[in-house]
Amino acid sequence: MNDRRRGDVVELCKILAEQENLQATVVRSGKGALYAGMGVFIGGLLAGPLGMAIGGSVTSIAVAVNSKGTFKSVVTVINEMSVAQKRKLADAVQKVIGSIKGEDCVSLVGLILASSSIKQTILTELGRFLMKEMQMQLAR
């Protein structure tokens, strides 16, 4: 695939992400669960069953507050990607859209928007790419 086509595919991803108002965040749920579990454990040691409830609640709130603001627009994430990452994204999306031919970005977007199944396939691949390559998760 040539660089112009890659650029069109990346632009397509940005247009779809903006249209769907997609947000991405660094995957942190494992850390949050670990902290909440530690809060339950420590609370249980200090104050029994009531301490478990209080410890779990307090640490869960603290994790939620600490995670606030970690969401970014997927368009921003794509704009911040290196050239190599954009190339990998374009190649991954091109594999799923296969033989769809668009002369330029505008005609490509028109073809994709006409089919909700192709659009969903591209968004799924975009989410898969962000998770695998960037350790980010989509949020709608």
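Is Arg6 buried or exposed? Arg6 counts as buried, at 17% relative accessibility (buried is under 20% relative accessible area, exposed is over 50% and partly exposed lies in between, using a 1.4 Å probe and protein chains only). Keep in mind that this is a predicted model, where local features need pLDDT of at least 70, side-chain atom pairs count only at pLDDT 80 or more, and totals for chains, interfaces and linings use all residues. Residues are numbered from 1 along each chain as its sequence is written, and side-chain values use heavy atoms, with hydrogens and water left out.

**Salt bridges**

- The count comes to seven salt bridges, a salt bridge being a side-chain nitrogen of Lys or Arg within 4 Å of a carboxyl oxygen of Asp or Glu.
- Arg6 pairs up with Asp91 in one of these, with 3.0 Å from N to O.
- Asp91 sits in helix H4 (residues 83-97) and Arg6 in helix H1 (residues 3-19), so this pair ties together parts that are 85 residues apart in sequence.
- Helices here are DSSP runs of H or I with at least four residues, strands are runs of E with at least two, and both are numbered from the N terminus.
- Lys14 is buried at a relative accessible area of 15%, whereas Glu11 is partly exposed at 32% relative accessibility.
- Salt bridges that share partners also join Asp3, Arg6 and Asp91 into one network.
- Glu80 and Lys72 make another salt bridge, with 2.6 Å between the closest N and O atoms.
- Lys72 counts as partly exposed, at 35% relative accessibility.

**The largest pocket**

- How much space lies in the largest pocket? It comes to about 150 Å³.
- For the search, a 1 Å grid is laid over the protein atoms alone, and a pocket is an open set of points with protein on both sides within 12 Å along at least five of seven lines; a cavity is a set where a 1.4 Å probe fits but cannot get out, and lining residues have an atom within 4 Å of a point.
- Grid points are joined across faces, edges and corners, and the volume is the space filled by probe spheres set on the points.
- The lining is made up of Asp3, Arg6, Gly7, Val10, Glu11, Lys14, Val83, Lys86 and Arg87.
- H1 and H4 are the elements that give two or more residues to this lining, and H1 gives the most, with six residues.
- By class, the lining has six charged, two nonpolar and one polar residue (Asp, Glu, Lys and Arg count as charged; Ala, Val, Leu, Ile, Met, Phe, Trp, Tyr, Cys and Pro as nonpolar; the others, Gly among them, as polar).
- Domain 1 (1-67) and domain 2 (68-139) each supply at least three residues to the lining, with the domain bounds taken from an automatic or database domain assignment.

**The annotated span and helix H2**

- An unreviewed UniProt entry carries the annotation "transmembrane region" for residues 32-65; the positions follow the numbering used here, feature names are shortened, and annotations may be inferred rather than shown by experiment.
- In the model, residues 32-65 are 100% helix and 0% strand, and the end C-alpha atoms of the span lie 11 Å apart.
- Ala62 is in helix H2 (residues 29-67) and counts as partly exposed, at 45% relative accessibility.
- Between the C-alpha atoms of Ala62 and Ala92 there are 37 Å, with 30 residues separating the two along the chain.

- Asn21 has a positive phi, near 55°, and is a residue other than glycine.
- You'll find Asn21 in the loop between H1 and strand S1 (23-26), where it is exposed, with a relative accessible area of 53%.
- Gln135 also isn't a glycine, yet has a positive phi of about 55°.
- Gln135 is in the loop between helix H6 (116-134) and strand S3 (136-139), and counts as partly exposed at 47% relative accessibility.
- Leu113 belongs to helix H5 (residues 105-113) and is partly exposed, with a relative accessible area of 39%.
- The C-alpha atoms of Leu113 and Asp91 are separated by 20 Å, and the two residues are 22 residues apart along the chain.
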